Amino acid sequence: MNFHKDQSRTSRISFYLPPLLIALFSFSLLYLYPPQTLKNQTLTLTPTPDTPRHNYIVRFVDYRPAADHRIYLESSLGAKGWAWIERRNPAAAFPTDFGLVSIEDSVLIEEFGKLGRVKDVSIDSSYSRSLFVDEDRGRGGDFKVEKRPGKMFTSMSWEEGGFYSGISNLTINWGRKLFMQRSQVTSLFGAEKLWAKGYTGAKVKMAIFDTGIRANHPHFRNIKERTNWTNEDTLNDNLGHGTFVAGVIAGEDGECLGFAPDTEIYAFRVFTDAQVSYTSWFLDAFNYAIATNMDVLNLSIGGPDYLDLPFVEKVWELTANNIIMVSAIGNDGPLYGTLNNPADQSDVIGVGGIDYSDHIASFSSRGMSTWEIPHGYGRVKPDVVAYGRDIMGSKISTGCKSLSGTSVASPVVAGVVCLLTSIISEGIRKDILNPASMKQALVEGAAKLSGPNMYEQGAGRLDLLESYEILKSYQPRASIFPSILDYTDCPYSWPFCRQPLYAGAMPVIYNATILNGMGVIGYVEDSPTWQPFDEVGNLLSVHFTYSDVIWPWTGFLALHMQIKDEGAQFSGLIEGNVTVRVYSPSPNGEKAPRRSTCVLWLKLRVVPTPPRSKRILWDQYHSIKYPPGYIPRDSLDVRNDILDWHGDHLHTNFHIMFNMLRDAGYFVETLGSPLTCFDSARYGTLLMVDLEDEYFVEEIEKLRDDVLNRGLGLVMFADWYNVDTMVKMRFFDDNTRSWWTPVTGGANIPAINDLLAPFGIAFGDKILNGDFSIDDEPSHYASGTNIVKFPRGGYLHSFQLQDSSESGATQNILQASGMTKVDSSVLGLVEVGEGRIVVYGDSNCLDSSHMVTNCYWLLKKILDFTSRNIKDPVLFSDSAKKDSPLHEDDNQLPSRRTDVNFSTYSAVVGKELICRSDSRFEVWGTKGYGFRVMGRNRKLPGYPTVDLGVDLNMTTDSSGFGWGKLTEKEGNLSATIIRKKFNKTMDFLGLLNSDELDMPMLVASQWLLPVFVTGTVFLLFLSFWRMRQKRRRRRKGSASGRLANLL
């Protein structure tokens, strides 16, 4: 009987053992090779009914007749799936370097790019900001954005008469009504004095890229050619803008005189009657301007897309062919960081606007340039300013009118350029004049205005007669613009003059432009040198980055300035020169290269290193702006400016906040590299506002340690993130025949939540709007998000706000009186370890772009807490204290999208963690301060989080608090054993973490578990085998006994 029981038990064990072994081994392999996917919300876009053809610009490596390019493509790829688009315009008679094709299957794009004669393939840009319209207003629940076709440009200046109301920071008003005393602008610059000398712009070929001009217009004596580059069958100007611009440049009517009446006018009609244009139209028109040897080109309108590479590179080619280009800086003022392209290019003369009182016009866009952000620093633009308010010019048929805008100031400068060009005799004109030498004459002759800073006025107001004196005796040379950085010259040298240098700070970067009038190409000879005027100047350490090749005509010179540690107690001025030697290859007829020495004078103010509590570090690295992707605005109330393109920098759209912090006694520095690249012991608070990028694993680990163990304060201002709303915000691009969908929300909440996870804090996906007050201070919440996780012991403030996330976040719905208000947590303050954290769900109250009500008062109170542990009694009232944690399951938190290739826009995803030239010199090219190399971040592994039941409210004296110092095992924090307060919730050995670390070898937590499981399986198998062996011997013994008994 016992024998049968043992046999039955053994049979059952044998039956279950193989599946058990397989399950354990599979689990081991699952951990050894974890799945690659992050937690994401799958989003499916509805395709269009018909498969559309997309229009692309195919650029070739050389110029050939269009027919040759077409034959080459057809012979290489056949004719299936794509079609050549004929371009019937005057440029067809000349060789071209590009073709416009319609591609049905996007797979073919790669095949085009593989061809030997093809340089690259890009879309024919056709997106528009100023012309966005909402044709679905009144329909509740839909957030639909539609646009008229065309390349993105700002608004032209049309309005005449009426009363001008300055623009506030509430919204951007594209329609501008301007009224001031009418005046003859030529007389303000003294043009009559040059006319009296016989200079009237004769034999200067002026290309006007605009809306065209009518034939036989009575105001013009020298219209040489009119060409049409649009899809409309007309050469005439039906809007009046092109005619007006031409009148300012070369009109001869007594009521609205132009600067250079004998200039030869070449009217390029590149805009339709609907103010639409395409990149491909411009490329053809630019090629024609090059082929017909234009001298000057005016483009009175621009846009924010400096990454439209076919357009940008064609402008470079245009200026490289010695065409002086003048362009309007934009009508997006008074906001900063709103420079328009191509005026923001260093080889183009960018023009801003002033009124007759020498005040910067409210509509004039402000610098700095934003190409260089986040690692570098922007250039000074505009180059010069000119009168642009209520300027007189020609009407469409006859008579004069007045207009205002930088598109009016631009032809003022273009007219002056034509007039100045005519003073150089034709025989040597091309040897003397070029885009660099003309800009040198303009900026060196300009009159600096008292009041505006360098990013508002550039070199100052245009001065025709001073520039004339410079050109009269001009010899080819190189120079630096601006040539002086003077910390004692405020406000012109803002923002530099607002904050002195001191030891231990992040490098202050000053980005100057090299103007090379010696040749289209040049080089920096040897390295730039810093030459102090006295011994004190040796306390300044300067590193340089500069253009390897100065082309076309211009380059950059960036100074990275730090005060040495021995200057920690120094207070005073440091003066000296930076010298740069530039040379250009010898031109025809000259034997030796041309050489020139450029000098940049520095006068810097230095103060003793301020205490840690007064130092704030601004995170610039994790900000993503438009371009390169559809980065949406932060406030969904604003419908006429849907893109986030102002730079999100302390000195652009956060410049008012920067000034406020300086007035409050804080020193604010900028970090353009990962969070591993700063020493947290130097700073009281890390300020993170409106961030869209992801975070490296190492950044999350370091920040946790910085806060918990090093006493760093952390302030996070977030913004909305809602996938449904992002889908509703997409719009159809008519030219590429594709949908544009936001890359992320106002902020990247899933990434921010990963960063805050170790502290038990997370944001949700509500879109909240409304007004409330704290301590009688009014506040406006504009498309902010809500706090859904917060630890016990912290202080959490909630208010009745409108939740528009469920209804689609349309403007009409936002303003609907019947919308339900919900009690939402938006402000949280908590002490964790040795540090302090504050989170707030909306950044619009700090951003001057579309601000309704500022919250600078709140920021001051927040910084008092995070940097100095000063607790405002209202913010830290008993009613706001959390006796129990606010909790949300992780699977309910906002998740990442799967339909966007985020690596295209990110400085983190798929990139290497490295400290760049904006970091302190000692960590350039490294991973950061004392951080072990762990590879790049493809995923964000799970992290131990604060026990939500633990009281995190503690005093500054943490000697009795049970936080353990973080330790590492084999460089893997998910294998870290964190003492006391962390050990309840930590992911021991990473058992719950299935994300792969990007490392060349498996660390302890990854090989230890498989070895443990394999050993366990082997021991189980061995024990079962031994049991079976014993039973077999027992059965043999029992059988022998029975046999003996029988015998």
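Predicted model: local features only at pLDDT ≥ 70, side-chain atom pairs only at ≥ 80, totals over all residues.
A residue is called buried when its relative accessible area is under 20%.

The largest cavity holds about 400 Å³ of space. It is lined by 28 residues, of which Pro507, Val508, Ile509, His651 and Thr670 are the closest to its centre. Two or more lining residues are given by each of strand S19 (508–516), strand S22 (554–563) and strand S26 (667–671). When the lining of the largest cavity is divided by class, 18 residues are nonpolar, 8 are polar and 2 are charged.

Charged side chains were then considered in pairs. The structure holds 44 salt bridges. One of them joins the side chains of aspartate 62 and arginine 64, with a distance of 2.9 Å from N to O. Aspartate 62 has a relative accessible area of 24% and is therefore partly exposed. Arginine 64, with a relative accessible area of 29%, is likewise partly exposed.

A second salt bridge is formed by glutamate 525 and arginine 581, whose closest N and O atoms are 3.7 Å apart. Because glutamate 525 lies in strand S20 (residues 523–532) and arginine 581 in strand S23 (residues 572–584), the pair ties together parts that are 56 residues apart in sequence. Glutamate 525 counts as buried because its relative accessibility is 19%, a value under the 20% limit. Arginine 581, by contrast, has a relative accessible area of 36% and is partly exposed.

In a further salt bridge, the closest N and O atoms of glutamate 912 and lysine 927 are 3.8 Å apart. Both residues belong to the loop between strand S38 (896–897) and helix H20 (1004–1046), where they are 15 residues apart. Glutamate 912 is partly exposed, at 46% relative accessibility, whereas lysine 927 is buried, with a relative accessible area of 16%. Salt bridges also link residues into a network, which consists of Arg59, Lys119, Asp120 and Glu313.

Serine 613 is found in the loop between strand S24 (594–606) and strand S25 (615–619). Its relative accessibility is 21%, so serine 613 counts as partly exposed; the class of partly exposed residues begins where the buried class, under 20%, ends. Apart from residues up to four places away in sequence, serine 613 touches Tyr666, Ser867 and Arg868. Serine 613 and tyrosine 666 are 53 residues apart in sequence, while their C-alpha atoms are 8.4 Å apart in space.

Methods:
Residues numbered from 1 in each chain as written. Heavy atoms only, no water. Helix = DSSP H or I, 4+ residues; strand = E, 2+ residues; numbered from the N terminus. Buried < 20%, exposed > 50% of the residue type's maximum accessible area, 1.4 Å probe, protein only. Contact = heavy atoms within 4.5 Å. Salt bridge = Lys/Arg side-chain N within 4 Å of Asp/Glu carboxyl O. 1 Å grid on protein atoms, 1.4 Å probe; cavity = no way out; pocket = protein on both sides within 12 Å on 5 of 7 lines; lining within 4 Å. Points joined across faces, edges and corners; volume = space filled by probe spheres on them. Nonpolar A, V, L, I, M, F, W, Y, C, P; charged D, E, K, R; others polar.
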